[in-house]
Amino acid sequence: MGNITEYDMYLFGTGVHYDIYKKLGAHPEKRGRVSGVNFAVWAPNAAKVYVIGSFNEWDETEYEMERLEPNGIYELFIPKVKIGDLYKFLIETKDGRKLYKADPYANSAELRPGTASRVADISKLKWSDDVWMRERIGTQNIYEKPMNIYEVHPGSWKRHAGYEKDNGFYTYREMAVEIAAYVKAMGYTHVELMGMSEYPFDGSWGYQVTGYYAPTSRYGSPEDFAWMVNYFHKKKIGVILDWVPAHFPRDAHGLAEFDGTCLYEYADTRKGEHPDWGTKIFDYGKTEVKNFLLGSALMWVEQFHVDGLRVDAVASMLYLDYGKKDGQWVANEYGGNENLEAIELFKHLNTLICGRNNGAVMIAEESTAWPRVTGNVVDNGLNFSYKWNMGWMHDFLDYMKLDPYFRKDNHNKMTFAMSYNYSEKYILVLSHDEVVHLKCSMLNKMPGLGIDKFRNLMCGYTYMMGHPGKKLLFMGSEFGQLREWSEERELDWDLLDVPEHAQLHDFVKELNRLYLKYPSMYQLDDHPEGFEWINADDCFRNIFSFVRHGKTGRNSLLFVINFSPMERADYRVGVPKKKRYTLVLDGSEERFGGSGTKHPEIYMAEAQACDGRDYSFAYPLDPYGIAVFKF
């Protein structure tokens with residue numbers, strides 16, 4: 001008797017078997033006194049399915065699987081198969097072809113360029129992160145918590161010396177210790193890890209997935225991956241993974257035409273293929289495919305204790321015509337370009353993940369103005385926890401790349417995001433996508449020469465940290481990586497031996513420290529009372545001034561940032577109240593590469609009108625001057 005019951009097949013057929021990954025795939029078990037592995041795979045249009053593997057010399061006819069109806073699931077228990085054995089499913093199609101497929105539900109895979117699945121057991125993972133998990137579950141309001149994310153591509157953060165021969169990747173356990181120490185020292189709250197689901201091609205960075213249930217074997221086993229997450233949690237660091245339900249590659253061993261037909265993808269190529277990416281699009285209307293994706297997301301959060309998923313390429317799922325020309329797409333039943341099936345999937349997915357896992361977050365990389373991405377399902381929202389603010393990012397970088405002389409005519413690029421800030425729950429992002437493909441590193445986007453580039457970037461990072469919204473910065477950007485990022489090499493850590501890079505690094509660390517110290521920088525990101533412009537229109541001097549408020553009204557922060565190389569010795573800033581203002585961040589300090597100008601720590605507001613306020617105080621601004629005051 002097999003493990004797949006009629007009830008399992010009913011739930012799978014209706015798309016709500018949330019523990020499906022505990023049934024399909026390869027699961028070690030004992031039947032009587034016999035140890036072995038139970039294999040199960042969904043292949044309804046196959047003529048026959050066999051299990052082949054290292055345990056039977058890849059014999060193609062020894063282990064034929066039994067077909068179960070009505071779903072077309074195939075199942076077979078094979079004695080003496082053990083954890084670590086390699087296997088594939090040999091699928092005989094109805095037109096006589098043989099397909100050698102990796103297991104879609106496998107929890108481990110052979111290291112590329114091998115393409116076989118590997119028997120694993122994730123039912124006995126060891127955890128000691130109870131304190132973290134209890135605190136996460138007990139979270140009352142995630143939006144009032146700090147979130148400052150360090151985005152990491154593990155294979156290129158650091159590598160072992162002499163890696164030309166074997167890639168030199170850090171293992172999950174090694175990177176956990178190294179990254180956690182660095183992240184804690186820098187003051188980040190979360191890591192977002194790229195490319196954790198198994199994928200065949202390094203150059204895809206993990207965005208063309210073949211193993212939706214398997215941590216990539218590049219860095220170790222599923223147990224090693226769990227050890228890493230556990231270690232981050234013990235160090236009080238949240239873990240976010242990239243998750244890619246938008247598309248999958250055509251690789252012969254993968255999901256494409258899995259049983260000889262378009263099983264996981266839309267059969268109509270106008271719906272089922274991305275012309276620009278050369279990839280397949282999941283059939284979101286098929287209940288078993290939806291269940292496959294729901295189960296994958298749940299496994300990462302519930303089985304591997306991950307704190308959130310950043311969902312890649314959401315816009316490509318929402319729009320039927322995304323990246324397509326006329327004639328390359330099909331309208332929905334109402335004649336529109338919205339993918340109604342993907343919309344329903346998102347509502348189901350986000351309600352399910354966040355409903356079953358309080359404190360976990362779902363983050364949308366959504367690049368358009370689609371309404372209510374983070375809105376409640378009751379209001380026809382998609383129910384994501386956060387949305388990447390791509391609009392802010394593009395406007396911010398457009399402004400930052402300009403010579404200061406031309407910034408006066410583009411001042412609104414820095415202020416525009418506040419006009420829609422409260423329409424969604426946002427994360428401000430400067431991600432990996434902005435430092436590749438000839439876009440230049442963050443430092444080399446900056447105008448000017450030498451120290452001007454560093455000063456510009458410090459101004460930009462200060463503005464980002466002060467602006468409402470949670471934060472994300474890609475690795476290397478915190479110390480001014482000069483070269484564009486490449487997955488083929490580690491970051492240029494030796495730059496930290498150069499004073500200007502070390503000073504930028506220290507400045508980012510100080511910004512992160514302020515962020516964690518003052519709740520006014522994160523508590524009211526999505527409430528109008530949390531932000532107040534002092535002067536949003538000082539375009540001719542390239543100066544921005546604003547205030548961040550917290551819930552209690554205590555320790556509000558006044559930001560003043562001069563995006564010009566001009567000194568403003570006569571600068572005066574209007575203030576909301578007749579209070580004492582204490583300088584808590586001074587960009588002029590020598591440790592940040594500033595002029596070394598000694599500024600007083602305390603400033604008393606005077607009854608002198610400025611910036612439309614009754615009170616103000618004088619503060620001479622250096623070129624690219626940065627000042628943050630608490631009051």
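Predicted model: local features only at pLDDT ≥ 70, side-chain atom pairs only at ≥ 80, totals over all residues.

Student: What makes the radius of gyration of the chain agree with a compact globule?

Tutor: You set the value against the rule: for 631 residues, a compact globule would come out near 25 Å, and the chain has 27 Å, so the two agree. The C-alpha trace spans about 90 × 60 × 45 Å along its principal axes.

Student: How many of the residues count as buried?

Tutor: Buried means under 20% relative accessible area, and 60% of the 631 residues fall in that class.

Student: What about the secondary structure of the chain?

Tutor: It comes to 15 helices and 28 strands. Let's pick two helices: helix 10 (residues 390–400) and helix 14 (residues 451–466).

Student: Why is helix 10 described as it is relative to helix 14?

Tutor: Their axes come within 11 Å and cross at roughly 155°. Angles over 145 degrees count as roughly antiparallel, so helix 10 is roughly antiparallel to helix 14. The crossing is right-handed.

Student: Which residues make the contact?

Tutor: Helix 10 brings Trp 392, Phe 396 and Met 400, while helix 14 brings Asn 456, Gly 460, Tyr 463 and Met 464.

Student: And how do you know which class each belongs to?

Tutor: Trp, Phe, Met and Tyr count as nonpolar, whereas Gly is among the polar ones. The contact of helix 10 with helix 14 therefore has 5 nonpolar and 2 polar residues, with no charged ones.

Definitions and conventions. Residues numbered from 1 in each chain as written. Heavy atoms only, no water. Axes fitted to C-alpha atoms, helices over the stretch in contact; angles between N-to-C directions. Helix = DSSP H or I, 4+ residues; strand = E, 2+ residues; numbered from the N terminus. Parallel < 35°, antiparallel > 145°, perpendicular 65-115°, else oblique. Left-handed = near helix turned anticlockwise from the far one by under 90°. Contact = heavy atoms within 4.5 Å. Rg over C-alpha atoms; globule rule 2.2 N^0.38 Å. Buried < 20%, exposed > 50% of the residue type's maximum accessible area, 1.4 Å probe, protein only.
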